[in-house]
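Visitor: I am new to this structure. Please take me through one part of it slowly.

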There are 6 protein chains.
Amino acid sequence: MVNPVGTTEWDESDVTYLRSQARAGTTVDIVSLDHGPVSLEGACYESEAIPGILQQVREGAADHDGILINCFLDPGVVAAREAVDIPVAGPGESGMILATMLGHTFAVLAVAKNLIPRHREQARVLGLESRLASVLSLEIPVVALLEEPGQTVEAALTQARLARDRDGAEVIVLGCTGMATLAQWIKENLDMPVVEPAAAALKMLETWIDLGLTHSRAGLYRRPDFAAILWPQGNQVPGEVSP
Amino acid sequence: MVNPVGTTEWDESDVTYLRSQARAGTTVDIVSLDHGPVSLEGACYESEAIPGILQQVREGAADHDGILINCFLDPGVVAAREAVDIPVAGPGESGMILATMLGHTFAVLAVAKNLIPRHREQARVLGLESRLASVLSLEIPVVALLEEPGQTVEAALTQARLARDRDGAEVIVLGCTGMATLAQWIKENLDMPVVEPAAAALKMLETWIDLGLTHSRAGLYRRPDFAAILWPQGNQVPGEVSP
Amino acid sequence: MVNPVGTTEWDESDVTYLRSQARAGTTVDIVSLDHGPVSLEGACYESEAIPGILQQVREGAADHDGILINCFLDPGVVAAREAVDIPVAGPGESGMILATMLGHTFAVLAVAKNLIPRHREQARVLGLESRLASVLSLEIPVVALLEEPGQTVEAALTQARLARDRDGAEVIVLGCTGMATLAQWIKENLDMPVVEPAAAALKMLETWIDLGLTHSRAGLYRRPDFAAILWPQGNQVPGEVSP
Amino acid sequence: MVNPVGTTEWDESDVTYLRSQARAGTTVDIVSLDHGPVSLEGACYESEAIPGILQQVREGAADHDGILINCFLDPGVVAAREAVDIPVAGPGESGMILATMLGHTFAVLAVAKNLIPRHREQARVLGLESRLASVLSLEIPVVALLEEPGQTVEAALTQARLARDRDGAEVIVLGCTGMATLAQWIKENLDMPVVEPAAAALKMLETWIDLGLTHSRAGLYRRPDFAAILWPQGNQVPGEVSP
Amino acid sequence: MVNPVGTTEWDESDVTYLRSQARAGTTVDIVSLDHGPVSLEGACYESEAIPGILQQVREGAADHDGILINCFLDPGVVAAREAVDIPVAGPGESGMILATMLGHTFAVLAVAKNLIPRHREQARVLGLESRLASVLSLEIPVVALLEEPGQTVEAALTQARLARDRDGAEVIVLGCTGMATLAQWIKENLDMPVVEPAAAALKMLETWIDLGLTHSRAGLYRRPDFAAILWPQGNQVPGEVSP
Amino acid sequence: MVNPVGTTEWDESDVTYLRSQARAGTTVDIVSLDHGPVSLEGACYESEAIPGILQQVREGAADHDGILINCFLDPGVVAAREAVDIPVAGPGESGMILATMLGHTFAVLAVAKNLIPRHREQARVLGLESRLASVLSLEIPVVALLEEPGQTVEAALTQARLARDRDGAEVIVLGCTGMATLAQWIKENLDMPVVEPAAAALKMLETWIDLGLTHSRAGLYRRPDFAAILWPQGNQVPGEVSP
């Protein structure tokens, strides 16, 4: 499990939570980035995080059976699948996929308005836009989600109710891996299934490992030529002899 | 696990296979229908099978944690979710959903040409049509799949190769739960991931049970009023007093 | 015309209505099921009705030119087309298809909230989702539609107005064949075309019979092998000799 | 029935054909344009024809119950619906709509390659693109369709077979109202339903007239202000006083 | 630049505006129709304008490098591209295309409700429906847009705010070339980019001319046979000898 | 213009080419990355390049009017728009957008098979999938495109011909900014418009600058909080006091 942030602050609580969701026999390790953003709330944040994620993924591949990149935006998931042979799961993809089987349409709760189009794009690339009832924003920055828990719960219930009653959503997908504590509140107050995306990703990994499956190399996830990517910095084309 | 056919002929082999796919701690039982078709190869077949499926689902719900309806067409899955509170998985839905994470597009191998539009419709209802590269048919009836295994493997490899090279499919989904033995052949010969749909459905059940999730009652899967459906056969409207 | 319910209670009024919509030269007969649900309000209801529908369809095919299955959910329409060579029409398909030519978008009035996703799926399978402005629910059970006609009209006008003014619907499609009396009310009060789906299905049948057309056998509606479906109940695979 | 061409050459045969498709009680008149193109094979052709079509539609509306514009491109259908209160049918729209009920997918036979995207756009605007298997071109100009009937039949059979076997089409829609004679050939040789679009449009008109339906005025087909369109040619804005 | 109206009233102001948007080296001429509607607010209006537009386009092609048809509905753009070899731009197409690069979704401000489905169809044919947040109507006739400027601005701000806050639009596209003065108001009050479609079309022309590009003749825009379209009015088929 | 590679090898030829496409008054500068991959042929390549791209974009924003990121995959374009207020153009987006106006459908020529799904996803996110006829691969690595020019031209002509004749493409979009020399060959041999994407992006920039437009801050491109992204590496949450 790669926490794609440049702080170890949440490592402990995140790994404890995920271990509680793992089935017997599954061991979960966590690692965060040497440096990177505190949270991921847009493309600039992701851009800074992804090289570090990839490095952790490649290092971790040697002694793990699967990799979970712990952010709903699935930063670096495509690149990670190119890079390693073991399964790589992202909470965004896994959470939305799982939600489709629990009801006709689902809604995603985003942390901020600028992520509404991002989550909509994630659903479009997955092919699931027709199952997405709506994306609604709590307008609470990731790092503040836990600061005023009462307000966070309040905002989540308000938006989830709107999703259900106005947009016809039958399932709620939490749009950030820092929202796990909200699941129980929504389930109890609105009587709807709530998908916590980090746990969903963990289950997808367990599934792939159980079934001996990993991503295809026949197309999108072709193995890259790392020599061409990470060549020495003298700026010659690899293979060229420098005088 | 409900085998939606009116024969016990495949119960033994099917349950043995599925148990081999289950994780430690999962117990798999199988039941087939008191009467019903030998195989499901179209809407007429399904229509005859579904009432019996529903009966088994309702009886089985009392002492199981989840139900798997063992046919790629997912016969009765929507009705079963209406009927019971525990998770219900279908191989078609589960297999296609799982395939989306293993490559950019997948192809489905159907047993017969008339099922090509059916599988396409399944993908459309799921919302996954943009991820479906193609559906190709083996043109071998379900009951004959195992009779001439050499021919079946031959046909499957031919169609899978076409799916990959002509249609750009990166993953193969077996379009019938009687094709499990083909998975290994395709994987080895074409070096592509192959999703066996019954195992996929089993994994989805394990996932939901692990996560304490079940289908939403807020929309599509509303609980029906069985008194209104299965009323006594005197043909009075329920509640009416007949003289 | 097959009334897919296990009661003869509405046979008289339904056939009278449909005869009033038929053109000169068209004769309409009605038959309901020996046993089945009182109304169809979900997949469990349909599942119980379809075998009886198919039986009536197959029996009626001998001496009729076309079959109308009298429920907006089109239960058994695909199976019926597989089973018989004469045209089979469903009110859902016919009503939505007809509506597309009367305005840019149409709305469907459903009887209950759980049918909203069902009607949406019907439109998606038809390929017409982009023409569907919205589906709105009266939240009145089928059997109660006629009990308090004032309330039913009130609810229908409220939802139809919402469809027009909020969702931009230009045409209303009644989402239940028990709503025929609403057509006039909406037309008069809201000045919009209203498609009554049973009459629409009748017209489609008249059209196909006039043009000598029936469904294709080249794909989805391939003729099934009834021997394989409805085999004797000793649970042997057909062709096997039982001792 | 408006023949949207500037010649009376085909009036006789066209009206004879359509009368043979009409049901008892339906009277069919035909009128062509005072001047206009010989055939319609692109947007320039249509542009020249539409003002004449509209004139005939408006004149004909007084003493007819419905209007059929006899070209698969549906030239002027939207404008005609704006202009008059009686139903207006187009062969393209009617033919494609009708085809959806006869099989899972249909193919359109076009006269020329440049009309392939046009027919595809027609299907897209109708919302039916997902039901359209393919559009194939005979590459025979409209006026030549009947000149070498053997070649036309040959080309049509070749393309229809391709549509069925390569593209999975289950129904053929003739993409020009001058192809009526092909229907029988394809039906007999390929055993597929063939929709002749002029007859389809006639049936749609009969349907609407039977049901007392006409297009909605609530949106797309709003009645225009003809005073603003067809104002006197001194080029003043209407209402202005010219000295 | 063709002003597709039968009045010269706006020629002066329109050409002045467009010259202000042109880059150094671009010369803009304007011509309106000999006769035609005052404004274009539906298909009937367009139908009357298009033959005159085509005539101006064909005459103007000789001594210009590109043609701009100055109406958001893009009347005659397809026909014009068939007719001439130089680039032809329409404000609707250009404006929507340009908007996609300025934000995730855009909204179109229409002059009247009946144009909402028209603009939606324009987006659908372009393939951009998934980027279109909404179309909202000012309900002010084109000729009145400038009469009560205060009311027009008020209506535009109200609808643009709704588009942004309710529909999530990030960019506003003015849905009429008579709305240019609104751009500044919306930009300033709502801090969103506003695309003025006539200027957008001009820029597309400049782009194509710079790049030496013009429309493809390989499909939709095939060159028509004008002899077959505009043949002498004796109503003989061209080539026939009249006695 | 940012060349998103870690070599200056192509800076000279690229800037010379782009200057030849610029209109009078436009000045083009080029900068490449301090370190980064030689070419971009997948997500891993992009991931390594994007932080360097962003750095160059932010530095360049001070004294330029617009930024062009010179790779068809549009690496970092979304992030760059978040980061700076001046327009940012990507060749992929610009090229595909421009192609839609030159014909009904376009095809993209990719360098390698694994980029086919990437370009398809780019089109899907743009909303243009319905305009994309196909993506075909030359199977020639970027760095080899110019090594054997004869083979490259041969491969391009073969694929472009296939796109036109088999897939109905009317326009070709070059899927790599290193293919500029191919444009003339295809145009001359196949008589189709060819969009060179770097020039297309340049023209989009000129357009936005002319019109005073830049991307919306209302949604997807919200300005990020760089303090939170690029905080000092002690791994404390910003604002926290470390002892």
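Visitor: Which domains does the domain assignment of chain A give?

Guide: The assignment for chain A gives domain 1 (2-90 + 199-217) and domain 2 (92-197). Such bounds come from an automatic or database domain assignment. Residues are numbered from 1 along each chain as its sequence is written, while chains are lettered from A and ligands numbered from 1 in the order in which they are written. This is a predicted model, where local features need pLDDT of at least 70, side-chain atom pairs count only at pLDDT 80 or more, and totals for chains, interfaces and linings use all residues.

Now look between the two domains. The C-alpha centres of domain 1 and domain 2 of chain A lie 21 Å apart. Domain 1 of chain A brings 17 residues to the contact, and domain 2 of chain A brings 21 residues. Two residues are in contact if their C-beta atoms, placed from the backbone, lie within 7 Å.

Stay on the domain 1 side. Helix 8 (residues 197-211) of chain A gives the most to this side, with four residues. Helices here are DSSP runs (H or I, at least four residues), numbered from the N terminus. By class, the domain 1 side that touches domain 2 of chain A has eleven nonpolar, four polar and two charged residues. Ala, Val, Leu, Ile, Met, Phe, Trp, Tyr, Cys and Pro count as nonpolar; Asp, Glu, Lys and Arg count as charged; the others, Gly among them, count as polar.

Helix 8 also matters for the view of chain C. There, 36 residues of chain C meet 35 residues of chain D. Helix 8 of chain C supplies the largest share of the chain C side, six residues. That side divides into 16 nonpolar, 13 polar and seven charged residues.

Key: Helices (H or I, at least four residues) and strands (E, at least two) are DSSP runs, numbered from the N terminus.
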